[in-house]
Amino acid sequence: MNQSDRHSGADRPYDIVLFGATGFVGRLTAEYLAAHAPDGCRWALAGRSRTRLEALRAELGSPDAAVLTADSGDGQALRGLARSTRILVTTVGPYLQHGDPLVAACADAGTDYLDLSGEPEFADRSYLRHDARARETGARLLHACGFDAVPHDLGAYYTVRQLPEGVPLRVDGFVRTNAAFSGGTFASALGAMARGPQMVRAARERRLHEPRRPGRRARAPLGAPRFSGETGTWALPLPTIDAQVVARSAAALDRYGPDFRYRHYASVKRLPMALGGVAAVAAGLAVAQVPQARKWLTARYEPGTGPDAQRRAKSWFTVRFVGEGGGRRVFTEVTGGDPGYGETAKILAEAALCLAYDELPKTAGQVTTAAAMGDALLERLRAAGIVFRTAAVR
Ligand SMILES: NC(=O)c1ccc[n+]([C@@H]2O[C@H](COP(=O)([O-])OP(=O)(O)OC[C@H]3O[C@@H](n4cnc5c(N)ncnc54)[C@H](OP(=O)(O)O)[C@@H]3O)[C@@H](O)[C@H]2O)c1
């Protein structure tokens, strides 16, 4: 399939299908699409319960949106979904549990796929199983299209563009937020923490298979905890998918220079809070290894639930970047509202609209937002209220 066939979508009834529309982030994404999709956009709400999907459609006041049903374990129904649309957006997680058959269906059908997975093992397995097929069909497969990892991926991209070309570059990112999380996020995080050895194995297999470009190096090593003079805060290394995504963008795009390094940190103002954060992560890792404890904790944060509108309205995030190379040093910043839900739904929906309507570089296979959408998505997010700015250049 060539790229122009894929993007015409003339043979498909929908431009965008949102799978998982009745979940916590799914609903917010549906609300965003109902309010912001351009006239003429053919879109559908998909999930496992027709009754709940129809109720959601009525709530949204979007009689034109179609309703489609499928279960994440029903390969045939998922293939039907994938063939019905140009772009498939899914919020059905945990993705290690539910995700693979839908990625397979999209790779096979040449359908662009977007998810919210912050599970590194899932992205690595998806690469190993589906990247080659997606390259053949022209499908673009994008994981982690929410707060994880878009502000970090596009923030690093924006920072790199303030630095000289053709030289080694170093970027550090420092994240701060006051946000709470949903039951779905909690279940996904706990599930991923319980699979340390499998995650390491998948990453190793991926490294063995993924081609390297000669003369280019792109790394995301885990930094050490330290006090950061640049931000005036304690910096704790964050082993999330974000840094991996930034390094993949750097590997794909020449603009990041011949030798690029990214380090990703949580930024904490006071030392006791930093120590508390380290203790909480260590406790989470320990608890995740015990199946009974995992079950008990998951039951306390039910899927489908999350912070209410009032709590979300008070939530915010800031990611500060310090970039240097070729004798220049820049300080940039990405800021927005509630990261996990309001902004995640906005980012996911804008990424889908960007793939559907914007002029983009030709890419296929597993790709990052910076490589597939770069400036076009950055401008969309700016227009939607997420700030990307340069604070200082030295
Ligand atoms: N990248 C990020 O920054 C970010 C931010 C937030 C969330 N997330 C991730 O996004 C995912 C969703 O989070 P959430 O809070 O929205 O979770 P949630 O409320 O539990 O939603 C999960 C969705 O999956 C659906 N589902 C579950 N089992 C299914 C099955 N067998 N067949 C079809 N659909 C099924 C649910 O359907 P029903 O509605 O019918 O129950 C629901 O729509 C999680 O993996 C979370 O970690 C990522």
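Student: How many bridges join strand β1 to strand β2, and in which direction do the two strands run?

Tutor: Strands of a sheet pair through backbone hydrogen bonds, and the pairing is either parallel or antiparallel. In this predicted model, strand β1, residues 14–19, is joined by four bridges to strand β2, residues 43–47, and the two run parallel.

Student: Now for the domains: how is the protein divided?

Tutor: Domain 1 takes in 3–145 + 344–379, while domain 2 takes in 150–339 + 386–393. Taken over C-alpha atoms, the centres of domain 1 and domain 2 are separated by 23 Å.

Student: How many residues of each domain are in contact with the other?

Tutor: The size of an interface is often given as the accessible area lost when the parts come together. Here we can count residues instead, and the count shows 26 residues of domain 1 in contact with 32 residues of domain 2. On the side of domain 1 that touches domain 2, the elements giving two or more residues are α5 (95–98), α7 (120–137), α15 (339–357), α16 (369–372) and α17 (374–383). Of these, α7 gives the most, with seven residues.

Student: What classes of residue make up that side of domain 1?

Tutor: The side of domain 1 that touches domain 2 has 14 nonpolar residues, together with eight polar and four charged ones.

How values were computed: Residues are numbered from 1 along each chain as its sequence is written. This is a predicted model: local features need pLDDT of at least 70, side-chain atom pairs count only at pLDDT 80 or more; totals for chains, interfaces and linings use all residues. Domain bounds come from an automatic or database domain assignment. Two residues are in contact if their C-beta atoms, placed from the backbone, lie within 7 Å. Ala, Val, Leu, Ile, Met, Phe, Trp, Tyr, Cys and Pro count as nonpolar, Asp, Glu, Lys and Arg as charged, and the others, Gly among them, as polar. Two strands pair if DSSP finds at least two bridges between them.
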